[in-house]
Every structure is written in structure tokens, then in C-alpha cells.
Amino acid sequence: MSWPMGEVCRMSGVTSRTLRHYHHVGLLLPESTGPGGLRHYGRRELRRLQRILVMRELGLGLADIRRVLDSEHDEVTALRQHLHDLEVERDRLSLLVETVRRTVDALEENDVSSNPEELFAGFDTDHYTERARTDWPEQWDQAKAAGERITPEEADRMRAEAAEQMTRMAGHLRAGSPPDSPDVQAEIDIHYQQVSLMWAPDADSFAHLGRVYAEDGPWREVYERVAPGLADYQSEAMRVYAERRLSGEGG
């Protein structure tokens, strides 16, 4: 039994464009191709698609996923390993849930910066590694080199400073200060200086970093723990800063 691409998209939530890309890169070949190039997928292909989606959720890149799948000969053993990986991810998410609970308690006491380790507990930087390495290779190399030089004490200090700044930005958000206001932009300048310790952002990359904060993922989770709407607020303020301070027109 096989299913046409449209039905596979409906069942899995994967777009036809994604399936065509998986075919193009050799990650998921259809069982057969009918008249007009219509792809059909059998049970074996659906199981492979399931494993691809599991590994994508775990943060693996397509090249790594293909290497894993192509090296596997025992499907049951491979699925058991994926199950273990999912259980590990479940435990990480449970830690995030507890972190959010503690943050809510701290917010009710008007203090989220007293324990920055709790604010960032469960934060998974690997979520962004592949894209940063691919889209911004020069900045990635700079940040990686800088990260290797940072001592644990310096890392703790940087987390504490980040938590304090998020708290101040949350105060501006609650006060209704627009993202382009002088006080907010002064905070963004501090953030820019902090980022510059790790890599040299230009207008495009700094604005892009702001968009990363606002998209679904670990960074948005951290900002939203501090205050609902803070991720989008931070992103827009960084866009304004990049346009006014870092672009050629802004000098």
C-alpha cells in the first residue's frame, strides 16, 4: 500500500516542498513516481519520514540525519535509540517547566534576576548551532573562539548581566515605552556591547539576532519567562537600533 504526496503531507504536517527537498538531497526517496511526476510513499518511507522528523525535533541537521539513517541496519534498535533521545528531551522540557514556574514566582515578587542560573536552566544552545554555522560562518567562528576563552566565572557574570538587562527591558515594556524611545535604545546599546564581546555584529546580523530572539525556540522561551511580549519587544528595539546606529545611513 502506498500514499500520494498530498496524503502524506496531510498526515505528517510536512509540506510538499519539504518532501521534494528531502527527495532532492537523497534523504527520503518515494517508493514510486507516477505519471506527471506524482510521488507515492509506502510504509517503509513513512517510517523513515517519522524518524527524520524525530531527529529534526532533536536538533540534527539534514546531513547528520542522512548519515545516521544510512548507517543503520536494524530499524528496531534505531527506533529504541530515538525513543531514548525523546525521553531525554522530555526530561529537559520538564526542567524548563519547573524553571518557568520558578520564574513566575519570582515575577510575582518582582525579581527575576536574583538567580540567573534558574532563568537559563534547560536552555539549549544547540538549537541554533547549525543555522549559525551555515548562515553566519564568520560570526560563528568569532563567537566559538570567544566562547572557548571564557572562564566559568565570566560565563556566570554574563548570565547575570543578561538577566538584569531582561528585567530592565521588561520594566520598559510594562511602562509602555516604545521600542525606539531613548531609554530603551540605551538598553539595546548595552546589549550590543555585550554581543560585541563575542562577535562583531553589523546592521543585518544584529537585526537578524533580534528576529531569532522572537521566533519560536529557546531564546523566545527565556524572554517570555521574564515578561509576556518581551521577545517581540526586544526584537523590534534591536531592529530600530540596527537601522539607526549600525546602518550606513546611521553612521
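A salt bridge here is a side-chain nitrogen of Lys or Arg within 4 Å of a carboxyl oxygen of Asp or Glu. I began with Glu236, which forms one with Arg239, the closest N and O atoms being 2.7 Å apart.

Before going on, I noted that this is a predicted model, where local features need pLDDT of at least 70, side-chain atom pairs count only at pLDDT 80 or more, and totals for chains, interfaces and linings use all residues. Residues are numbered from 1 along each chain as its sequence is written, and side-chain values use heavy atoms, with hydrogens and water left out.

**Helix α13.** I found Glu236 and Arg239 separated by about one helical turn, because they are 3 residues apart in helix α13 (residues 230-246). Helices (H or I, at least four residues) are DSSP runs, numbered from the N terminus.

**Cover.** I looked up how open the pair is, with buried meaning under 20% relative accessible area, exposed over 50%, and partly exposed in between (1.4 Å probe, protein chains only). Glu236 counts as partly exposed at 30%, and Arg239 counts as partly exposed at 35%.

Next I checked Glu7 and Arg10, whose side chains meet in a salt bridge (2.5 Å, N to O). Glu7 is partly exposed because its relative accessibility is 27%, while Arg10 is exposed at 57%.

**Helix α4.** Asp64 and Arg67 sit 3 residues apart in helix α4 (residues 62-71), and their closest N and O atoms are 2.1 Å apart in a salt bridge.

**Wider view.** How many salt bridges does a search of the whole structure find? I noted 12. I also saw that Arg48, Arg66 and Asp70 are linked in a network of salt bridges.

Terms used. Helix = DSSP H or I, 4+ residues; strand = E, 2+ residues; numbered from the N terminus.
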